[in-house]
Amino acid sequence: MNYGTTLLWKRRALSSLSATRRGLPKEKMSENGVLSRAKVLTIDTMNPTVKKVEYAVRGPIVLRAVELERELSEGMKKPFSEVIKANIGDAHAMGQQPITFFRQVLALCSYPELLNDSTFPEDAKSRARRILQSCGGNSMGSYTASQGIDSVRQDVARYIERRDGGVPCDPDDIYLTTGASDGIVTMLKLLVCGEGATRTGVMISIPQYPLYSAALAELGAVQINYYLNEEKCWSMDISELQRALDEARRHCNPRALCVINPGNPTGQVQSRQCIEDVIRFAANERLLLMADEVYQDNVYAEGCQFHSFKKVLFEMGPEYSDTVELVSFHSTSKCYMGECGFRGGYMEIINMDDEVKAQLTKLVSVRLCPPVPGQALMDLVVNPPQPGEPSHDNFIKERTATLSALAEKAKLTEQVLNTIQGISCNPVQGAMYSFPRITIPEKAIQEAMDKGQEPDMFYCMKMLEETGICLVPGSGFGQTDGTYHFRMTILPPTDKLTILLNKVKEFHQKFTQQYS
Amino acid sequence: REREGARDITNMSQQAANGVPCRGKVLTLDNMNPNVRRVEYAVRGAIVQRAGQIEKELKEGVKKPFTEVIKANIGDAHAMGQKPISFLRQVLALCSYPELLEDNKFPEDAKHRARRILEACGGHSIGAYSASQGIECVRQDVARYIEKRDGGIPSNPDNIYLSTGASDAIVTMLKLLVCGEGRDRTGVMISIPQYPLYSAALADLGAVQISYYLDEDKCWSLDVAELKRAVDAARQHCNPRVLCIINPGNPTGQVQSRQCIEDVIRFAKEEHLFLMADEVYQDNVYAEGCKFHSFKKVLFEMGPAYSSTVEMASFHSTSKCYMGECGFRGGYMEVINMDPEVKAQLTKLVSVRLCPPVPGQALLDLVVNPPQPDEPSYNTFMKERTAVLAALAEKARLTEQIFNEVPGVTCNPVQGAMYTFPRIALPQKAIDKAKEEGQVPDMFYCMRLLEEEGICLVPGSGFGQREGTFHFRMTILPPTEKLKIVLQKISDFHVRFTQEFS
């Protein structure tokens, strides 16, 4: 090394020691030895927890799917004519129609001149007027209270009371949110504290909806996995919760237990007994319960019924209902509405410490308020047309059609997938997805590993390239080691879904053959 | 032993005051996220909570010295009576309920835009999730808008990220930038006074807030020497990496000169800082001789030494300007010269929350793609837009004038934005009384005003101010006649208050 270079290296060594304090721009040596100005914000100087975040539902496979769509639109020849995005729970994108009544009210709220238009039914107008009256300046364009429009929160509380057979609900415990995701992330943020062995741990199912793992990674909290039982239709098992918790206590401070019911990606609808057991477990182990219930209307299987955590909690008597801290989440994105784009949602807070609640109220105020169209939509969801109102019949007709189509597609999916050798699919009891287990031949696993890919990502990527069908590999949700799955939505229209399922079948057979 | 330790934390809150163990809550003030406890947001803080209470009392028939509470604390134009732009709402109605496309009440240009937006949505519905970065054709329209605004300087739609209001994008950028521990912890420069989203976000993220003072005597202008002082001092205890600037300013309303913006950009380059330019009030410019200069435009006019190196993010929103559509939570940021690997991380991060609200994205599309001179809605659109902005300019002038007539109140010209931030002289006795009551003096003042007149302002302490000075922030949004009354009441109150504590 010549003198000049030695000097350069010395200077660099000095700089890197105290560059931050001396405020000198970090310099880096490019390949030809020329010093150049590194950027302020690089992969090495960005927030490290953000780097750990992954979100498979819109991850690498979807990026590739979008590329393929672009190539198709540019006229490139492919073995398929369209990319089918069966990766995301987006009903409207797959052709599901919005509920007429909701959109009428939203139009009226957007452009109140339409209140003079005789083509709109009276019940739609009356709801629009009520919503507008509770908005500043009678406009949806005003900020609302940060917790959400007061009258909407009252309507939500009444909805919950009706749903739960009269168990009281205080509107002050309701927080409207920007989709359920917003409420979930806010609650997790509140919970995170401690360092090292006292760092907050949060229990979440394997498999899980990867918002949870993403949020926990970003917050630097400890993710505590409890495995759902695939052999028993993805049911929850208290002994497994206990195992996970006891193990976690050695290295973190477990404080919350998250349950998704009906489940995502698994679709299981937990039994009432199971929910009771989970509540008892949370009470005994002093865990805050987070119940993600966004699919509460999406229940299809015979013998399955949605039991809200709140209802069960209160039916267990004051020993539990006065003490267990529970937060439940709902959304306008799923069920029969499918209004993902509006970002409507709420959470109900039970037994929260008053001082913490004040902190929560303060925290949500910084972002001012959730989107008002979403709040208005939520109001309609919890306050739909009643018998006797002009829009009632049509509303029920549309709602029923959507839900029964989903039930039909759930059944069809399970049925067809189970005819495929090497694929086994649990009943899709609820939600919007199937999460079948796939057998991947050893040769394929090897090739995947050689490529540095998860075997089920390798499988799904191949399927995408060959059939244009975009699914999400099970590794994006979590699964027992050595098992592989994919998540596919049941949302495409029935005839398209049938074609889709058959293509999946063909592909799987071909793939298995190819790597036998 | 570690297990016991972990349990101890769990049980910490269980010890009751008398030392008897009891079952405390899982989540308490002592074991919640400590950063969240540090967060404050004065715009909706204690005084607004009290205002809400008073409103409730009024409704219940409690007698007060006033009949309504005037919420002059928040930049919410519609709440103060400003009307939405017809064209924007027509298109939103058409997007919400496309059956209306058959209705001949709606003009063709509105229908045309609605169709275009719907075609860009999954299943032709605004109920579908959009791409996480935002609907592609909207981002293209935003890029074109920026190009037109900036005299042809190219904007790449791929550098545009639609967001849930500008606040969302600001917080996302700050989150990306925060790293390091102790003395290496990221420091972020922000003005004093500032819009308290910044201080709140920095507290939440555990980043270091580096305050630089705006010059009240020079109409709240930015002084590079002060920036230098602040950054040098900060380097002793953190790693300064970001410089945030709000132009036009909030709460101060100053519109920075082109020279100043150049100086700031030069400073950012020399000190190796990421620039964040909050430009949500870019159409709200009132004062003679003042003009909005976008940071991007100035950056590019400074030549490639700057335009190809300075890392910058600029922010805009549908909440302010002439639209005032706060409730729709529409916004975007444009990122310039961002490292491609970081950009990929940003794209990944925003994907977790799926997408910004689609009605807000649609609204933004209309803001950047408004009726053109040859289109049916053009005249009405221009008329409405002009009326709103002219009214704001009038109210800005009126506010400055009236406040400056009050002894003890000094008000800088409201050059832009939507607020006035006058300095108030508080008698020593009042300052002492405030301290007695455990209140910051300007909060004490504002609370009194609220209780006596039903006018809700935000004390200057919520935004930051020089030690020993006091201010309040008031919006200029109420309709002119009402504004005159409000200004008169505040003036009278100030005289009374000064008298009472003399």
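Here are some numbered notes on this two-chain structure, which is a predicted model.

1. **What the record says.** For orientation, start with the annotation. In chain A, UniProt puts "domain: Aminotransferase class I/classII large" at residues 120–502, from an unreviewed entry. That span is 43% helix and 16% strand, and its end C-alpha atoms sit 43 Å apart. In chain B, the feature of that name, again from an unreviewed entry, covers residues 91–490. Here the chain is 43% helix and 14% strand, with 40 Å between the end C-alpha atoms.

2. **The core.** Which residues touch the most other members of the largest nonpolar core? They are M187(A) and M173(B), in a core of 277 residues. Helix α7 of chain B, residues 165–177, supplies the largest share of this core, with eight residues. As background, nonpolar side chains tend to be buried together in soluble globular proteins.

3. **A closer look at M173(B).** Setting aside residues up to four places away in sequence, M173(B) touches F274(B), M276(B), A313(B), F315(B), M333(B) and M338(B), and also L41(A) from the other chain. Some of these are handy landmarks for the sheet described next. F274(B) and M276(B) fall within the contacts of M173(B), and strand β6 of chain B covers residues 274–278.

4. **The sheet in chain B.** If you trace the strands across, you get an open sheet of seven, in the order β2-β8-β7-β6-β5-β3-β4, with mixed pairing. The edges are β2 (160–164) and β4 (208–213) of chain B; each has a single partner strand, so one side of each has no neighbour in the sheet. On average, neighbouring strands are turned by 25° against each other, ignoring direction.

5. **Helix α13 on the sheet.** Helix α13 of chain B (residues 340–351) packs on this sheet, where it touches β2 and β8 (330–336) of chain B. The direction of α13 makes about 30° with that of β2(B).

6. **β6 next to β7.** These two strands of chain B, residues 274–278 and 312–317, run parallel and are joined by four bridges. In general, strands of a sheet pair through backbone hydrogen bonds, either parallel or antiparallel.

7. **β3 and its two partners.** Is strand β3 of chain B enclosed or left open? Seven of the seven residues in β3(B), 186–192, are buried, so the strand is largely enclosed by the rest of the structure. On one pairing, β3(B) and β5 of chain B (residues 239–246) are parallel over four bridges, and T186(B) has N239(B) as its bridge partner in β5(B). On the other, β3(B) and β4(B) are parallel over six bridges, with M189(B) opposite I210(B). The chain gets from β3(B) to β4(B) by way of helix α8 of chain B (residues 197–205), in a right-handed β-α-β crossover.

8. **L114(A), where chains meet.** L114(A) sits in the loop between α4 (100–110) and α5 (122–133) of chain A. With a relative accessibility of 1%, L114(A) counts as buried. Which residues does L114(A) contact, leaving aside neighbours within four places in sequence? From chain A there are A107(A), L108(A), F120(A) and K125(A), and from chain B there are A93(B), L100(B), K105(B) and F106(B). L114(A) is also 10 residues from Q104(A) in sequence, and the two C-alpha atoms are 9.7 Å apart.

9. **Two cis peptide bonds in chain A.** One of them joins N261(A) and P262(A), with omega about -10°. Another joins N264(A) and P265(A), with omega about 10°. P262(A) is in the loop between β7 (253–260) and α10 (272–285) of chain A, and P265(A) lies in the loop between β7 and α10 of chain A too. For context, most peptide bonds are trans, and most residues other than glycine have a negative phi.

10. **Positive phi in chain B.** C219(B) is not a glycine, yet its phi is about 55°. C219(B) is in the loop between β4 and α9 (224–234) of chain B and is buried, at 16% relative accessible area. A417(B), also not a glycine, has a phi of about 65°. A417(B) lies between β9 (409–410) and β10 (419–420) of chain B, in the loop, and is buried at 0%.

Key:
Residues are numbered from 1 along each chain as its sequence is written. Chains are lettered from A and ligands numbered from 1 in the order in which they are written. This is a predicted model: local features need pLDDT of at least 70, side-chain atom pairs count only at pLDDT 80 or more; totals for chains, interfaces and linings use all residues. Side-chain values use heavy atoms; hydrogens and water are left out. A nonpolar core is a set of buried Ala, Val, Leu, Ile, Met, Phe, Trp, Tyr and Cys residues joined through side-chain atoms within 4.5 Å. Buried means under 20% relative accessible area, exposed over 50%, partly exposed in between (1.4 Å probe, protein chains only). Contact means heavy atoms within 4.5 Å. Two strands pair if DSSP finds at least two bridges between them. Axes are lines fitted to C-alpha atoms, for helices over the stretch in contact, and angles run from 0 to 180 degrees between N-to-C directions. A crossover is right-handed if, with the strands pointing away from the viewer, the path from the first strand over the helix to the second runs clockwise. UniProt positions are given in the numbering used here, feature names are shortened, and annotations may be inferred rather than shown by experiment.
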